[in-house]
Structure formats: C-alpha cells, structure tokens
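Open the viewer and keep the selection panel at hand. This tour goes from stop to stop and says what to pick at each one.

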Amino acid sequence: MAILLTGGAGYIGSHTCIELTKEGYDVIIVDDFSNSSPKVMERVKEITGKDIPLYRADVADKEALSRIFAENDIETVIHFAGFKAVGESCRLPVKYYRNNIDSTLTLLEVMAEYGVHNIVFSSSATVYGVPKKVPLTEDMDTGCTNPYGWTKLMIEQILRDTATADKEFSAVLLRYFNPIGAHESGRIGELPNGIPNNLMPYITQVAVGKLKQLSVFGNDYPTHDGTGVRDFIHVVDLAKGHVAAVKYVASNKGAEVFNLGTGIGNSVLVIVKAFKDANGIEIPYVIAERRSGDVAECYADPKKAFEGLGWKAEKNLTDMCKDSWRWQSSNPDGY
Ligand code: NAD
Ligand code: WQD
C-alpha cells in the first residue's frame, strides 16, 4: 500500500516525502513541475537512499492520473498540488480556480473509481480571513480576502460534502500557518519564483546579497512592536504533521480540520533579529507601507492537532532561521 503525494516535488511535499519514507511508508509522487524542479527528487534520493516513483503529470489530466492509480496500490492521497501565490491569484483568478479546483475534482473522481477513500488536504490559515481574535481555533469563522484562499475554502467544502455523501470517505484538512526553514541537510528547501513574496525567503535573499534590503510592510499594527505577527512553523515539523494525519485518516471516517501551527506568534522584527542571532548576519531593512490584504496577527491554537493527531511542533525560531540560511547559502541559485 502506498501514499500518493500530488505536488510532492514542491516545498512541503518534498519534506513530507522524506518524513514518510523515514517512517517506512511507500511514497509515490505526481507533479507537473509547474512550480518545482525535477532535481528535487535527486536530492530526496540522496537524503533517503530511496528512488521514489515519480510521475510527471497534471493532476487534472484524468487519463494520466487513472494510469497512476491503475499501476499502484494506493491507500491514501496527500493533495499538495495547487498554485499558491496570493498576489498572482488576485491578478489571475481564473488560473487559480481552474488549477486548484479542477485538479481536486479530477483527483476525487479517480479516487472513487479506484476505491481510494483517504485524503489529506493542504489547506491554509488564509481561510480564516481577517481574524476576529487570536489564537485561531478550527471552529472560528472563515472567509477569504483573495482568490487563492477561496480555492482552499471551496476545496474544504468539496471534501466535507464528499464525506457526507460517502460514509467510507475520510478527509483531513490541514490548515498550515507560515512554513519556513528547510531540511537540516541544506539539500532541499523553498524555491520561490522570481522575487520572493514571503518574509523568510526575502530575508535569506537579502542575506545572500541577491536583494538589497527588506521592506517591512507596516510598523503601525496593534502588535507589540507595530509589525505583523505570524505563526512561523518549521517545514520539517509540518511534514511530520502529515505523517500523523496519514495515520489518522486510515482509522477515522468523515472530514476533520486541524491547524498546523506552533501556537506562538512572532513579529516581522522578531524574525529579523532571530535571523541575526542565529546566523550572525544583519538584515538591512526599511519600514514601508502596509501590504494590501495583510492582517495584524495570525497564529494558531494547535491544541486540536495535539489531541487528535498526537502531533506538536518541536523546532524553535533558531532552528528555522539556521536551516533556512543553510539551504539558501549552499544553493544560492536553487537546484
Ligand atoms: P509548491 O508550489 O512548492 O508545491 C506545489 C507543487 O504542486 C509544485 O511542485 C507544483 O509543481 C505542483 N503542482 C501545481 N499544480 C499541479 C497540477 N495541476 N498537477 C500536478 N502538480 C501540480 O507549494 P508548497 O509551499 O509546497 O505548498 C503545498 C500546498 O500547501 C499547496 O497546496 C499550498 O497552497 C499549500 N499551502 C502552502 C503554504 C506555504 O506557505 N507554503 C501555506 C499554506 C498552504
Ligand atoms: C509574513 C509577514 C508581511 C514580506 C502567506 C499567505 C498565506 C500562506 C502563507 C499559503 C507579514 C511581512 C513579508 C516582506 C514583510 N500561504 N512581510 N516584508 O502573508 O502571512 O502568508 O504565506 O497558503 O496564505 O498569504 O506570509 O511571509 O508573506 O508575510 O514585512 O517582504 O511578513 O507583511 O506581516 P503571510 P508572508
């Protein structure tokens, strides 16, 4: 029995592939490399010593996907595949709805045809929209501020409806907070397309000399130092959350949502300082305008994941900063 990782060559998928392999699971990957490099899999092989079966295909391509299910004994799917850039989704909403929704619908049709009932889905804290209060618990209101977020919320609903209709179906909806860091080997990590939108890859590109300085988007938020507060979580901790979710879907029916965060909010300026303390590199920054769509504070209450999945984040900010920098400094131009 194998676990199929759609989008498994991406940032979170590749780290999850390693953690599942370490736990003895057989993993298969399908990825169209629209936002990743095939070289990732060579690095994963270096780390795990295993050749992970890889299919280059679009998950929305029903024929190609059916072939994968026909050729393998798949027990559970982890559905990472999708586009994830918030800003691009505002400019090109149809591209996001088409890819994220279509790929999910095709996947669900093929899973049903082959009698596969278990799915773990990559949702996002973005589905909480503008939080009324923090920490965020899974029962709080949802509502999005961008098309990317709406695709996540719509897919959550599609999975809930499927679980209502099919009593054999089991879905775990994982709402990730802000994944950063990289595998401790420094061999795999996040590969942003062009100039990074997210904080940590921006910081590491300033540190490596590719970008001049960081713009801190706003210092007048109602937070302890005025800058935005987020729940940054090490990607390896996040990957381990998927191992726990795979165990959970195999023995529970219905659809269940879990936050994957640390429960700790850290501000932008705290991250800048933590990076300096961990790596000895000062990050020059300027205070800029708030970024449209940003919220002041967003961090998880991770209690449900601890109680339901037996999982909690273990790594601290120093680990996150050191591992992000090890990956960036040893791979300045990516793979
Ligand atoms: P990523 O872009 O690195 O990985 C996604 C992978 O999916 C890529 O390898 C891409 O080539 C592939 N892909 C996209 N569309 C595909 C399709 N139709 N068919 C086959 N492959 C396809 O992103 P990531 O950071 O690893 O995120 C994984 C998932 O987690 C995404 O669904 C993302 O929306 C979600 N998520 C990410 C974050 C984050 O901050 N990184 C936070 C919350 C949720
Ligand atoms: C973090 C903080 C910025 C860049 C995004 C998505 C979310 C999820 C995770 C997918 C904020 C500030 C950033 C910079 C800055 N992804 N910042 N200067 O916006 O919390 O979440 O990634 O699901 O959906 O929206 O993450 O890293 O972009 O920003 O000051 O150059 O850093 O304003 O306060 P965000 P981020």
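In which helix is valine 236 found? Select residues 235-251: this is helix α8, and valine 236 belongs to it. Bear in mind throughout that the model is predicted.

**Stop one: valine 236**

Show the surface around this residue. Valine 236 has a relative accessible area of 1%. Buried means under 20%, so valine 236 counts as buried. Next, pick what touches it. Setting aside neighbours within four places in sequence, the contacts of valine 236 are His15, Glu19, Ala182, His183, Glu184 and Lys315. Valine 236 and serine 14 are 222 residues apart along the chain, yet their C-alpha atoms are separated by 10.0 Å.

**Stop two: ligand 1**

The shell holds 26 residues. Colour the closest ones: Asp31, Asn35, Ser36, Phe80 and Tyr148.

Now go through some polar contacts. Start at glycine 10, where a backbone N or O atom lies 3.3 Å from an oxygen atom of ligand 1. Move to valine 59. One of its polar backbone atoms is 2.9 Å from a nitrogen atom of the ligand. Then take lysine 84, this time for its side chain. An N or O atom there is 2.8 Å from an oxygen atom of ligand 1.

How much of ligand 1 does the protein bury? On its own the ligand exposes 810 Å², and the protein buries 95% of that. Switch to cartoon view to see which elements contribute. Those that give two or more residues to the shell are α1 (11-22), β5 (118-124) and α6 (147-165). Strand β5 gives the largest share, three residues. Colour the shell by class as well: eleven residues are nonpolar, ten polar and five charged.

**Stop three: ligand 2**

Around it are 18 residues, and Ser124, Tyr148, Ser215, Arg230 and Asp294 come nearest.

Display the side chain of arginine 230. One of its N or O atoms is 2.5 Å from an oxygen atom of ligand 2. Do likewise for aspartate 294, which places a polar side-chain atom 2.5 Å from a ligand oxygen. For leucine 199, show the backbone instead. A backbone N or O atom of leucine 199 lies 2.8 Å from an oxygen atom of ligand 2.

The largest share, four residues, comes from β8. By class, the shell around ligand 2 has eight nonpolar, seven polar and three charged residues.

**Stop four: asparagine 259**

Finish in strand β11, residues 254-260, where asparagine 259 has its place. Is asparagine 259 buried or exposed? Its relative accessible area is 0%, so asparagine 259 is buried. What does its side chain reach? Draw the line to leucine 136: the side chain of asparagine 259 meets the backbone oxygen there at 2.8 Å. Last, select the contacts of asparagine 259, not counting residues up to four places away in sequence. They are Tyr128, Leu136, Thr137, Glu138, Arg175, Phe177, Ala300, Asp301, Ala305 and Trp311.

Methods
Residues numbered from 1 in each chain as written. Chains lettered and ligands numbered in written order. Predicted model: local features only at pLDDT ≥ 70, side-chain atom pairs only at ≥ 80, totals over all residues. Heavy atoms only, no water. Near = heavy atom within 4 Å. Polar contact = N/O pair within 3.5 Å; in protein donor to acceptor, adjacent residues only side chain to side chain. Areas by Shrake-Rupley, 256 points an atom, 1.4 Å probe, with all protein chains shown as cover. Nonpolar A, V, L, I, M, F, W, Y, C, P; charged D, E, K, R; others polar. Buried < 20%, exposed > 50% of the residue type's maximum accessible area, 1.4 Å probe, protein only. Contact = heavy atoms within 4.5 Å.
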